[in-house]
Structures are given as structure tokens and as C-alpha cells.
Amino acid sequence: LVKALQPNIIIFSDAGPDLHWIGNEQGFAGENFWSTINADSLTIGGANQEAYLNNGDPKGKNWIVGQCDVSIRPGWFYHQAEDARVKSPQELTDIYYKSVGRNAVLLINLPPDRRGLIHENDVRSITTFKKIIDETFKTDLAKGARVTADNFRFRHKKFSPQNILNNSTETYWATDDHILPAELTIDFSKTIEFDRILIQEPIQYGQRISKFRIDVRQENTWSTIFEGGTIGYKRLIRIPMTKADRIRIVVLQANNTAAISSFGIFKASGKE
């Protein structure tokens, strides 16, 4: 009946059907989070399923996006005594990287006060948080770089490695079948300084990558700066400030043909 009356409604619970609870109320997904899960193994409020919800299931048969929910205050409702306990913009930013930056979506609770308004402290924190995110991801330092790959599907421009820099999630690089490991190299032609990395898969074709690493070239020497598992819709990686003239993404394991739709590098806002 609900779907009949509101066809576009999104229903959220431990088992979905449209969004599933992430398994905690701190706002973070597992370090390596899958959007697939087996809904028939879950019950609403069921015991001992938090870890499963927090990580998803690479062999899950249901595609149910994980939603990270958290309140900007210690609890879900307004209490005047908590006016000085609102999460800071920096805390919210950390939550963002651990939710949206791990292939989940984020819901931040803003409880109305006794006036029926969002308290000024809450507004101040959430708006500053948005400014931090906007400032960090405003300038993509990878723009204009040259991208090469050790393999791309059929050698066809539809799957060209350069597609990862065209600001579209609809186009992507993909390899021929059974090519692992697979490498992408982004050449800046000059030394770039950065501390944030964005990678996205073409999620319209499913989530595939289960292990990857990122290497950088400094003074003609390659070194690994990050090793991870899943990517999914969006992976945001925080690293110490790094200088390099090339970056290499190495896909080590995947459950299907390796594919990446977007890549970017950035410098964090000084307010983080």
C-alpha cells in the first residue's frame, strides 16, 4: 500500500527493502563496505547482526544501499542541557569520510528545539561542515592529467582510461575479462601536492573491486601510500600530505571485470 500511494518512497530498516541500517548510530560504515547483502537472513531488531550490516556481503544477492545514521547531538531529541554538546564541524567531517567515503549514504539528525526550530549551535556546526567539504573538493588537482592503462576493454574509446577524469559517472575505464591485476597510471607532468583521493566505480553495473592499492612516484621512485578493499559508489581516502608527479591505481582483486568511473585528488580544507 505504501509503495502504491508513494511510488518513490525509500523504506529503511535492518533489512531494507530500499536502504538498510548500517548497524550502529555513530554514523560510520565498515572500512570495506559492500552494498550487497542477504536480506532474508536479517530481521528487524535482530540480535548479533550489527557486524554483518556494517560490512555488507560480497556474495549477497540483494542490492540494498547502507545508510549511516547519526545525531548531531548525543541523543535523537532536543535537550537544552546538550546545547554545548553539538558535534563539531570536524567531527561531522570525520563521519562523512567514514560513511559517504566508504560507499554508504549519510543521514544526520537535526532535532527541532522547543521553538520548533533547529538550534543556532546545530545550524552553525552543520553549515561549517558543509563549507569544509565544499572547500576540500572544490578543485580537482587531477584535472588535465594524462591517464594510461596496461589494458582497456577491446582497445575501444568507450572504455578508455582517460574516462576516469571526465567528471561523469556514466563513462568509465574497464579491462578485458580476467585481467588482474590491472593498472591505471595518472601522469600530472609536474609535481602535485595532495592529501585526499577520490575513486568511484560505475556502480550502475554493480560493485566489483575487493582489493586495490595506490602507488605514487616521487623522484622516479614508486612507493605504496594506501592499500584498501572495496571502492563502490565512492571511496574517499585520507593520507598525509604527499608530493608526486604520477599516481598508479592497481586493482588486485575483483568479482568481475575491473572498472573505474571517476578519480580525483584534492587538498583538504585547513579547517578539517
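Strand 14 (262-266) gives the most to the lining of the largest pocket, with four residues. This is a predicted model: local features need pLDDT of at least 70, side-chain atom pairs count only at pLDDT 80 or more, and totals for chains, interfaces and linings use all residues. Residues are numbered from 1 along each chain as its sequence is written, and side-chain values use heavy atoms, without hydrogens and water. Strands are DSSP runs of E, at least two residues, numbered from the N terminus.

**The largest pocket**

- About 280 Å³ of space lies in this pocket.
- Of its 17 lining residues, the closest to the centre are F137, D140, L198, K234 and F266.
- A pocket is an open set of points on a 1 Å grid over the protein atoms alone, where a 1.4 Å probe fits, with protein on both sides within 12 Å along at least five of seven lines; lining residues have an atom within 4 Å of a point.
- The volume is the space filled by probe spheres set on the points, which are joined across faces, edges and corners.
- Strand 9 (182-200) also supplies at least two lining residues.

- Strands pair if DSSP finds at least two bridges between them.
- Strand 12 (residues 235-254) pairs with strand 9 in the antiparallel sense over 13 bridges.
- Five bridges join strand 9 to strand 14, also antiparallel.
- Q200 stands opposite S262 in strand 14.
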